Amino acid sequence: MTRPTRAVINWSHLRHNYELVKATGTGRTYAVIKANGYGHGLLNCARALSGADGFAVACVDEAMVLREAGIQRKIVVLQGAYDGAEWKLAAEHNIQLVVHHEQQLDERDSITLPATVGVWLKINSGMNRVGFRPEQADAVLARISADDKLDLRHVMTHFAAADEADSGSFAEQVALMSSREWPVSLSLSNSAALFRGTGIEEGVRRPGICLYGSSPMPHKTAAELGLKAVMSLESRVISTHKVPAGEAVGYGADWRAERDTRVGVITVGYGDGYPRHAPAGTPVLVDGVECPLIGRVSMDMITVDLTDHPLAHIGSHVELWGDHLSVDRIAALCGTISYELFCQLTPRVKRVARELPSDTQNTPLAAARV
Ligand SMILES: *Cc1c(COP(=O)(O)O)cnc(C)c1O
């Protein structure tokens, strides 16, 4: 038997979430699959969502992985090109680029494009990360339309606080985008804005985290929104033993048994991406029963209190998060967000399909690293 620590990926849940999200509006819905599909596997996400209206990735490198694997759908690169060579790749492979800075247009001018590139103009409507300030928009729009190798597809922006219930900043950003006419349709919504609604008609929406079954809203669970967990991080109990009251467990000896305790050891740790800062008491599902984490998370192991779960044994099935234990709950206990838990899963964790993407049904993907 190989090490039982694995991320089981349920591709039908990814499709379910995509369909659910798509049905919330009329615009096209590009699935955001940057950062290795939020840790789920870039290519397999694209394959599982082969019917998606399009895909959004962070960089041209990610877009090229999709193109080289034969994925033909529309792709937009959210950070756009870093240099002229990337503009050329985008032209050659029909990859659309976000333009957020004059420098990118200068880079474009440094080369001859072999074909037209679809571009999305990014407006900084208040997040102050990337994008043109609204007062720069007319000049950039003019520069783009004067270039016969650039084809403006959408004007976009990104929200800073669409997930915060009474955030004035969300309303301000929405107001800013709707305060003028744009020459092409808009692309505004991330997951939170999509569930919240902007009230503005959009050409393309850009959900990410909700596709993976995590709630983008602080006061609504994924289940309440109808979202299903795509990833279940699973492992097994590899040791059980008794520790008398008063003794400590784990590094730093900072967890001490208040009663005679039956300790279970599970083979998963921060070397797999399980958060090292998970506090004692974080729930771990052992054969379906919630057991509290005790002691510090090690690189390759964690320890749990099995005293109240006498049936648990070596080999018991463990879920760290997934179908029965919400990743959002674990993230909140660890002071982070599901995005980070997904993205920090390390390559040591085998990604295993619970159900194969339909167009790879005949390949031995199920047990392969993806
Ligand atoms: C990552 C990203 C998204 C998706 O955000 P979620 O919160 O995961 O839905 C959408 N738009 C842009 C520009 C992004 O960078």
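Is Asp-287 buried, partly exposed or exposed? Asp-287 is partly exposed, with a relative accessible area of 37%; buried means under 20% relative accessible area, exposed over 50%, and partly exposed in between (1.4 Å probe, protein chains only). The structure is a predicted model, in which local features need pLDDT of at least 70 and side-chain atom pairs count only at pLDDT 80 or more, while totals for chains, interfaces and linings use all residues. Residues are numbered from 1 along each chain as its sequence is written, and side-chain values use heavy atoms, with hydrogens and water left out.

Asp-287 is located in the loop between β12 (283-286) and β13 (289-294); helices (H or I, at least four residues) and strands (E, at least two) are DSSP runs, numbered from the N terminus. The phi of Asp-287 is near 45°, a positive value in a residue other than glycine. Ala-35, likewise not a glycine, has a positive phi of about 50°. Ala-35 belongs to helix α2 and is partly exposed, at 38% relative accessibility.

The aromatic residues were examined next. Rings of Phe, Tyr and Trp (its six-membered ring) pair if their centres lie within 6.5 Å; planes under 30 degrees apart count as stacked, over 60 as edge-to-face and the rest as tilted. The count by this rule is five aromatic pairs. One of them is the stacked pair of Tyr-38 and Tyr-212, with 4.7 Å centre to centre and 20° between the planes. Tyr-38 lies in helix α2 (residues 34-38) and Tyr-212 in the loop between β9 (204-205) and α10 (222-225), so the pair ties together parts that are 174 residues apart in sequence. Tyr-38 is buried, at a relative accessible area of 6%, and Tyr-212 is also buried, at 1% relative accessibility. Together with Tyr-339, Tyr-38 and Tyr-212 make up one aromatic cluster. Elsewhere, Arg-180 lies over the face of Trp-182, at 4.3 Å from the ring centre; a charge sits over a ring if NZ of Lys or CZ of Arg is within 6 Å of the ring centre and within 35 degrees of the ring normal.

The ligand has 13 residues around it, of which Lys-34, Tyr-38, Ser-191, Ile-209 and Tyr-339 come nearest; a residue is near a molecule or strand if one of its heavy atoms lies within 4 Å of it. By class, this shell comprises six nonpolar, four polar and three charged residues, where Ala, Val, Leu, Ile, Met, Phe, Trp, Tyr, Cys and Pro count as nonpolar, Asp, Glu, Lys and Arg as charged, and the others, Gly among them, as polar. A polar side-chain atom of Ser-191 is 2.5 Å from an oxygen atom of the ligand, and a polar side-chain atom of Tyr-339 lies 2.6 Å from an oxygen atom of the ligand. For Gly-208, a polar backbone atom is 2.9 Å from a ligand oxygen atom. The protein buries 92% of the 390 Å² that the ligand exposes when taken alone; accessible areas come from the Shrake-Rupley method with a 1.4 Å probe.

Two further residues are described by C-alpha separations. Glu-92, in helix α5 (residues 84-92), is partly exposed, with a relative accessible area of 42%. The C-alpha atoms of Glu-92 and Pro-114 are separated by 6.7 Å, at 22 residues apart along the chain. Arg-196, in helix α9 (residues 191-196), is partly exposed at 29% relative accessibility. Arg-196 and Ala-162 are 7.5 Å apart in space, C-alpha to C-alpha, and 34 residues apart in sequence.

Note on methods:
A polar contact is a pair of N or O atoms within 3.5 Å; within protein, one must be able to donate a hydrogen and the other to accept it, and residues adjacent in sequence count only if both atoms are side-chain atoms.
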